[in-house]
Amino acid sequence: MISENEDNLNLPRKENISIDKKKSAFNSRGFKETIRNLQEEIRELYLADDIPWIIGYSGGKDSTATLQLIWGAVQELKPEQRKKTIYVISTDTLVENPVVAAWVDKSLKTMDEAASEQDVPFLPRRLTPTVADSFWVNLIGKGYPAPRHKFRWCTYRLKIQPSNTFINSVVSSSGEAILVLGTRKAESSVRAANMDKHAKGRVRERLSPNSSLPGSLVYTPIEDWTNDDVWFFLMQVKNPWGYSNRDLLGMYAGASADGECPLVVDDSTPSCGDSRFGCWVCTLVEKDKSMTAMIQNDEEKEWMMPLLDIRNSLDFRTDEKGEFSENADRHLRDFRRMAGNVQLMANGREIPGPYIQHVREKWLSELLKAQTYMREAGGSQVGSLELITLEELQEIRRIWVVDKHEIEDSLPRIYKEATGEEYPGQPLDDNLLLGEMEMNELRELCGVDRMHYELTRELLSLTLQQRNMARRAGLFQHIEKTFRRHFYDDKEDALARAQRIAKERQRYKTEKQDRSFRVAEDAAGEAENQS
C-alpha cells in the first residue's frame, strides 16, 4: 500500500510528469486515495474466498502496473492471510522481440526470488507453445503461409493455447480461478465495448464472466486508467520485486520513432504507451515500428538488423519483383493445397497452398545465419540467443522427410553451412538408403519435369517407410493419393483440369436448378388447371 511520505514513492523529482486531469482515473479522488481504495478492494477480493488468482504478465506497462497493485495490496496483509496462491503467467511465443523476451525472463526470475524473500504467495510461470504449435515448425516445417488477417493461425497456437492450457489446469484442480488482466478501456473503442458487455454479466462485484474459459472470472483493476495514468503510477510507486520501472520506461522510449517518451507534453504528442512490443516475425502489421526504432535509437542494438530482414522477406505484401501489393507471395507457394488438391477462387485463379521446398530451406538458412551473427555481434547479452530451438529443428526435419517425403534430408547440411558446426540433432534413421546425393541424381534424370521428380521421390519414400512394417495397411491408398497429387504435366495442366471440373460442376448445378424450376412450373400449371 502507498505510504503518505512522498519520499517512499520513489518520486522522480527531476522529471516533469503530468497527466490529463480531464480523462484521468485519479481526477475525482486524487492519486493516493484512488490507489489506496483500489488496493483495499484487491485485499477484500483476495480474502473473500479460496479461489486461486492468475495474473497475466507480459512485462509491458499495463501488466506491470496491475501486478504492482496486486503485490502491494497483498504485501500489506498479515502473513497468515497470504495463503492463496497467485500465479503470474507470461507466455513466451519463442518469437518475441529478443530485448523484451530477455527483459521478461529476467523479471520473472527476480520476481520469484523477491516473492520468496518477502513471503508473498506469487508463483511466476513462463509458458511456451508446444513444439508442434511453434511458429517455425508451422511455417518452415509444414509450409504454412505467413500469418495474415484471413489466415491468422499464429495467435491461438502461440499465445492463447499455452495460457488456456495452464488456466484450465488450475480450474480443474481448484474448481475455479480468477484471471487478473491489465486490459483498459482506453486502449480502443472495441476493447471498451467488449469490457462493458462483459461487465453487464458480472455475478460478483468487479468480476466478469469469461466466455471462453468456463470456471474462470476476470478482474481488471486498471480498466478505467489512461496511458498516462499507468506511467504516472509506475514512476511514482517503486517496483516491489526490485525491477526498474525507469528501465521499462526507457525500453518504451527506445521503441518510439523519435527516441523519446513524451509523457510530459500536451495531447498533440503521441504517448509512449503507443509503442507495441510483440513477435518480431509479425506480418499482420506492415512494419515492425518498435524494433526499427530500437535499432535507430541505440547503435548497441544493431545486432537485431537480421531480424528485420527476415521479417520483411516473410511479408506477404512483397511480390517476386520486390514490389508492395496485397497477397503477393503466390510465387513462393505451391499451386496445390496442403492435402494435394487444386482449389480455385470464383475468378478461376488457384488458391495457393504451402510454401514450396526451396523457399522453406532458404528461410531456415537465413534464420540460422541470423542466429549465428547475432550471437557474435550482440555480445554477452545475447551469446546464448536461440531464434529456433533444437527441438523445433528436429520436428522440422521429421516433417520434411517423413510427412512431405523430402528424403534429401537437407536440414543437417543447411545447419552446417549456416552455422559452421555439425548438426547436433539425432538422425532420423540410421539405415537410410537414399539421401541428398541420390536425390540430386534423380533430379538430373527428371530434368525440368518437377512433377515427375516429386512423384518418383514420394513413391521411393513410401517404399522406404513401409519396408520394415509387418502390416502394410493403407499402402494402396497412400500410393493412389501420391499419383493424384503429382500426375499432372505441370501447373498449367493442373489448373486447366481444375477449371474444366469446376465448369462441369457449375453446368450440372445449373441444369439441376433448371429441371427443378420446370418441375415446379409444371406442378403450378397443373394445380391451376384443376382449380
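Predicted model: local features only at pLDDT ≥ 70, side-chain atom pairs only at ≥ 80, totals over all residues.
In which loop is H405 found?

**Figure 1. H405 and D409 in the loop between α12 and α13.** H405 is found in the loop that runs between α12 (390–403) and α13 (411–419). The phi angle of H405 is near 60°, a positive value in a residue other than glycine. D409 is found in the loop between α12 and α13 as well. Although D409 is not a glycine, its phi is positive, at about 50°. H405 counts as buried because its relative accessibility, 9%, is under 20%. D409 has a relative accessible area of 15% and is likewise buried.

**Figure 2. The salt bridge between R413 and E417 in helix α13.** R413 forms a salt bridge with E417, and the closest N and O atoms are 3.2 Å apart. The two residues are 4 residues apart in helix α13, so about one helical turn separates R413 from E417. An α-helix has 3.6 residues a turn, so residues three or four places apart point the same way. R413 is partly exposed at 32% relative accessibility, whereas E417 is exposed, with a relative accessible area of 56%.

**Figure 3. The salt bridge between D334 and R450.** By the rule applied here, the model holds 36 salt bridges. One of them joins D334 to R450, with the closest N and O atoms 3.7 Å apart. This pair links distant parts of the chain, 116 residues apart: D334 is in the loop between α10 and α11 (357–377), and R450 is in helix α15 (residues 450–466). D334 counts as buried at 13% relative accessibility. R450, by contrast, counts as partly exposed at 36%. D334 and R450 also belong to a network of salt bridges that includes R336 and E454.

**Figure 4. The salt bridge between K491 and E350.** The side chains of K491 and E350 meet in a salt bridge, at 3.4 Å from N to O. Distant parts of the chain are linked by this pair, as K491 lies in helix α17 and E350 in the loop between α10 and α11, 141 residues apart. K491 is partly exposed, with a relative accessible area of 34%. E350 is buried, with a relative accessible area of 8%.

**Figure 5. A negative surface patch that includes D490.** D449, D489, D490 and E492 form a negative surface patch. Among them, D490 is placed in the loop between α16 (475–486) and α17 (491–530). The relative accessible area of D490 is 34%, and the residue is therefore partly exposed.

Figure 6. I55 lies in strand β1, which spans residues 53–56. I55 is buried, with a relative accessible area of 0%. Leaving aside residues up to four places away in sequence, I55 touches L67, I70, I86, Y87, V88, I89, F122 and V180. The C-alpha atoms of I55 and V88 are separated by 4.8 Å, although the two residues are 33 residues apart along the chain.

**Figure 7. The buried residues of helix α9.** In helix α9 (residues 289–297), the buried residues are S290, M291, T292, A293, M294 and I295. The elements that cover these buried residues include α3 (98–118), α8 (245–254) and α10 (305–314).

Technical notes
Residues numbered from 1 in each chain as written. Heavy atoms only, no water. Patch = residues over 30% accessible without salt bridge, like charges linked within 9 Å, V, L, I, M, F, W, Y side chains within 5 Å. Areas by Shrake-Rupley, 256 points an atom, 1.4 Å probe, with all protein chains shown as cover. Salt bridge = Lys/Arg side-chain N within 4 Å of Asp/Glu carboxyl O. Lys, Arg positive; Asp, Glu negative; His and termini not counted. Charge placed at Lys NZ, Arg CZ, Asp CG, Glu CD. Buried < 20%, exposed > 50% of the residue type's maximum accessible area, 1.4 Å probe, protein only. Contact = heavy atoms within 4.5 Å.
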